[in-house]
There are 2 protein chains.
Amino acid sequence: MYKAPVEEIAFTLKHVAGLAPALEGGHLGELTDDLVDAILSEAGRFATEEVAPLAEIGDRQGARLVDGAVKMPDGWPALYKAWAEGGWNSLTASPEFGGQGLPHMLHVAALEMWNSGSMAFAIGPTLTIGAIEALAAHGSDHLKSTYLPKMVSGEWMGSMNLTEPHAGSDLGVMKTRAERRDDGTYRLFGQKIFITYGEHDFTDNIVHLVLARLPDAPAGTRGISLFLVPKFLVNDDGSLGPRNDAHCHSIEHKLGIHGSPTCTMIYGDGRFGDEPGAIGWLVGEENRGLACMFTMMNNARLAVGMQGVAIAEAATQKAIAYAKERTQGKAPGWHGSGQGSGQGSGMSPIIEHPDVARMLLTMKVLTQGARAITYACAHAVDMSHGAEAKHWAERASLLTPIAKSFATDAGVDVASLGVQVHGGMGFIEETGAARLYRDARIAPIYEGTNGIQAIDLVTRKLPLSDGDHLRGFIAELREIAARAGQANAPALGETASRLDAAIADLEAASEWLLAALAEGRQAEALAGATPYQRLFGLVLTGAYLAKGALADGGDGRNGERAALCRFAAENIIGETAALRDRVVSGAGSLEAARVVLG
Amino acid sequence: MYKAPVEEIAFTLKHVAGLAPALEGGHLGELTDDLVDAILSEAGRFATEEVAPLAEIGDRQGARLVDGAVKMPDGWPALYKAWAEGGWNSLTASPEFGGQGLPHMLHVAALEMWNSGSMAFAIGPTLTIGAIEALAAHGSDHLKSTYLPKMVSGEWMGSMNLTEPHAGSDLGVMKTRAERRDDGTYRLFGQKIFITYGEHDFTDNIVHLVLARLPDAPAGTRGISLFLVPKFLVNDDGSLGPRNDAHCHSIEHKLGIHGSPTCTMIYGDGRFGDEPGAIGWLVGEENRGLACMFTMMNNARLAVGMQGVAIAEAATQKAIAYAKERTQGKAPGWHGSGQGSGQGSGMSPIIEHPDVARMLLTMKVLTQGARAITYACAHAVDMSHGAEAKHWAERASLLTPIAKSFATDAGVDVASLGVQVHGGMGFIEETGAARLYRDARIAPIYEGTNGIQAIDLVTRKLPLSDGDHLRGFIAELREIAARAGQANAPALGETASRLDAAIADLEAASEWLLAALAEGRQAEALAGATPYQRLFGLVLTGAYLAKGALADGGDGRNGERAALCRFAAENIIGETAALRDRVVSGAGSLEAARVVLG
């Protein structure tokens, strides 16, 4: 069973991702180190003791559509109420609406733990927090005062309605339409698909944020507006009024996150209300809906990245526990008496087999690398509200696609290794490893596929400040490698030289891409976008593990961090050379091979 | 929907894996090129038209245990009967018992297609064929005449009973016991788990082959005997007699291959018969049961490899079809009008996006590489019955772990990419991509995990003929690279030099491992076993794709083969350098990092 790794999370936040210097520098208001620890500890307790035990029933029962209403798994509505009452929904929200105004770093750390407990559960509240952000940033005072307090308290949840059957990542072609009414409201008509938590029985009301097009809107993405469409209209006194003309038509039968209802939502077909049309209120300005969404898009992407970290952590814990208990064969050099299931048989716990140890260590490296990258991204978001705002905003922009893609790929890869470590038991659903493998698979897809993240990274993030932001970042990474060299610690092995080589690969690939973009060779640059994104993530993994090992001075844990860092340097990040090669010389053969695809 | 790639399969068999020269050299008896084509064509038709359409219902309904009997999915019993009546069960069996005595190459090609149609269906008959092999090689005349004709015809199916709760890969610790009776029969008592098709309603009788231990047997693997235990006893006239004391206690709730019943079998608990004990007959000699199993273990491993190829092929076909139909965004340089779902919208089919093309081409390369390796392995099996038997037996031995592991890893990786290409639709079960991702995941685990394959490869296969067999193989691969260089074809790009470099990596890693083994550094060698196995598979992929490209002279398809070969050389096999590095210098950091695992 999952146990929140609170200590590891706190260390990574503070000593790798930048929380400790930010606290010391007074960048985070009145937040103290003790308060950080207290929050992490309680979030971890909730994830471990309350969320995780309900993951399996959520997967098995799933969300069920009965007569147009979604019934959530047994125990989940109570779990949600406990979560909201714990104040977790209001962590980052503004105190103006009842929130606690805490930094984003704490939010992502808590998100990680809840998602490790149950990704299907944690995704619902996460979306509400996104809706709160959008509304707080762009809603009118009337909308904010009507909806935000109850959303921040968790009494009502939110949902985000973007996708349509032919408009996934490309929102410009959406068809849902909104008509103006004389009273300042709008009527919405259309169908949205893949709406996470579009309908459920956690709360009495659901606040849908819906993208739609006005009749006279320009074509494409500049003709999209954002509307607030509540499931139940709200009376002036705040009580619930009549049902709005919006309902869940069906829910998807999915590979994973079964407890999370993925809804097809119908707006304005006349099922409810006097006249057809779901009543909505404009959020922000007409035709500026996408800009409103972009406010929170980066945070949503990072939140999905946290799901990758979360699954990877849960899968790693489960696999290590199994590998210590399960005995099979005799590992080279094994002279122990055998503990666990094969006690006395002379068989080794499978963790003793070098191949199993390699899998588990690879899982550890990917998990901790993904955690460090996502936390560093959250740190940049936090810092972008203070001095050096431009620098930190660029850092957050640059790190977001890497955090989303690297962490979600890590989630899939680590969950798959976790199944493998379990052998035949991994394929049996009761063990739980298979659930993680299924749940993990959506994260590289939603909130912009990892391929789209790579396009974003190469075409929009690399060129920030004409590439100088990236160059500055590379200089920081070199500094870490240099410090690893200066440490001259045998436990770090070849960390410094291996990391230097990987950073050189990153630099070479980056400069090649910047030149290709500058020369208008867009297709060539995009051909290498995914290998480049992976290369960047591996370099950051190596660098952040080294930073952690260097920060953890002298005591026993130092030995562990140094050892894992060395393993990463000598066994994992060596892929960067081949990845660089794909970036700088792979496009020609890719283009030529298109003929194979017919 | 899957369509069997008969032409591609025939080409790979004949011009890459060695069937054409074997036919020409008269090594395969009376088999002709025309007959090969006819068999492949009909096997492909059966897979495409009969098996594939029933895959989805098999997954959805699954096998169900009702009152101790397993009810198979709707339509499956009739499908099985059609399959057996088509003579497919008897392809490789000896004509003495009604078989057709055809080469193993044709069997694996047919296996690939049936598994692409439905892996959950195809695995059942595959196990029967394994049981037939074991019985034919080791059974008494009485057992053979009683059981083989009906098993070869498909009237009865077989099952293989090895695994027990604490004896997975390590069979030496099994506990099922067999007691001698005066009439020459035995009584078996025990529990077997993970028994594929241990119970079903395809056939009236099921012939279980069961490993068990005699009371006076030596400890460990040298005290295991093999028994034939029919579900129903067989009267002297061949009719079915009373029920034997063997039954299915439960079936597993699995991640994938839902249509395949995975049974816990109970032998001898007194549920059936006059006295407790399942009546069994010895196959082969007492305490020599594992030797009997090893007869067919290699073939079973190759058969699982075919499942990897099969899933990869099915996933690739599905993803390419989707990527041509689905439109989204505008690819660089896209000026088409848009076909498919977004026609007229100006959006590109997603196959135009370089990132999607990269995924699809990677899927193609892994699929075709895995196919070539598995077919080459089957070819070596066929040739091992003729002249140069030792050479070909060693080749088959060497290729088996690579075929099993590389193909099954490819199945998982390609199925995962297939989900990714489908975007959000890939996570919806109705699309079918998710089923392939689920089904694929067992193949790297059963019939010896891929980690066990790697141990086998390094410790038993590399040292064959003191490493000289391997060295001879490397020389053959170099010859292919040299021919690619001599071809001097622009379409091959840097194939020759890239392949040369990869082969050098293979050679360096191989010699390092041979030296480590010779010096008794077993743990170090095993630490690199999995990277080495992967390295070997990638080199073979590059070499076999080049061999195919070189064999396909002059016409239009030559362009396609050369282009895919070049993509593999310039975008895929470059990983070999990092893999070699892990083999030759990764063990130290792996060993040091064990401290992290606690």
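How exposed is E286(B), in terms of relative accessible area? E286(B) is partly exposed, at 27%; here buried means under 20% relative accessible area, exposed means over 50% and partly exposed lies in between, using a 1.4 Å probe and protein chains only.

These legends describe a predicted model, in which local features need pLDDT of at least 70 and side-chain atom pairs count only at pLDDT 80 or more, while totals for chains, interfaces and linings use all residues. Residues are numbered from 1 along each chain as its sequence is written, chains are lettered from A and ligands numbered from 1 in the order in which they are written, and side-chain values use heavy atoms, leaving out hydrogens and water.

**View 1. E286(B) and R180(B) form a salt bridge.** A salt bridge is a side-chain nitrogen of Lys or Arg within 4 Å of a carboxyl oxygen of Asp or Glu. In this pair, the closest N and O atoms are 2.9 Å apart. The two partners are 106 residues apart, with E286(B) in the loop between β12 (278-283) and α9 (289-325) and R180(B) in strand β4 (residues 177-180) of chain B. Helices (H or I, at least four residues) and strands (E, at least two) are DSSP runs, numbered from the N terminus. R180(B) counts as partly exposed because its relative accessibility is 38%.

**View 2. R395(B) meets E476(B) in another salt bridge.** Look for closest N and O atoms 2.9 Å apart. This pair also links distant parts of the chain: R395(B) belongs to helix α11 (residues 389-421) and E476(B) to helix α14 of chain B, 81 residues apart. R395(B) is buried, at 5% relative accessibility, whereas E476(B) is partly exposed, at 35%.

**View 3. D552(B) and R561(B) pair up while both are buried.** Their side chains form a salt bridge of 3.0 Å, N to O. Over all chains, the structure holds 72 salt bridges.

**View 4. Chains A and B come together.** Contact (heavy atoms within 4.5 Å) involves 88 residues of chain B and 88 residues of chain A. Together the chains bury about 7,700 Å², with 60% of it on carbon and sulfur atoms. F427(B), Y437(B) and L597(B) supply 11% of the area that chain B buries against chain A, more than any other three residues. Buried area is the accessible area (1.4 Å probe) that two parts lose on being put together, summed over both. Four salt bridges are counted between the chains, and the side chains of R498(B) and D581(A) meet in a salt bridge of 2.5 Å, N to O.

**View 5. Y532(B) sits in the largest nonpolar core.** This core has 411 residues, and those with the most contacts inside it are W114(A), Y532(A) and Y532(B). A nonpolar core is a set of buried Ala, Val, Leu, Ile, Met, Phe, Trp, Tyr and Cys residues joined through side-chain atoms within 4.5 Å. Leaving out residues up to four places away in sequence, Y532(B) touches several residues, including L457(B), V458(B), L506(B) and V583(B).

**View 6. Two loop residues have a positive phi.** S465(A), which is not a glycine, has a phi near 50°. S465(A) lies in the loop between α13 (450-461) and α14 (468-487) of chain A, and is partly exposed at 28% relative accessibility. In chain B, N488(B) also has a phi near 50°. N488(B) is in the loop between α14 (468-487) and α15 (495-518), and counts as exposed at 64% relative accessibility.
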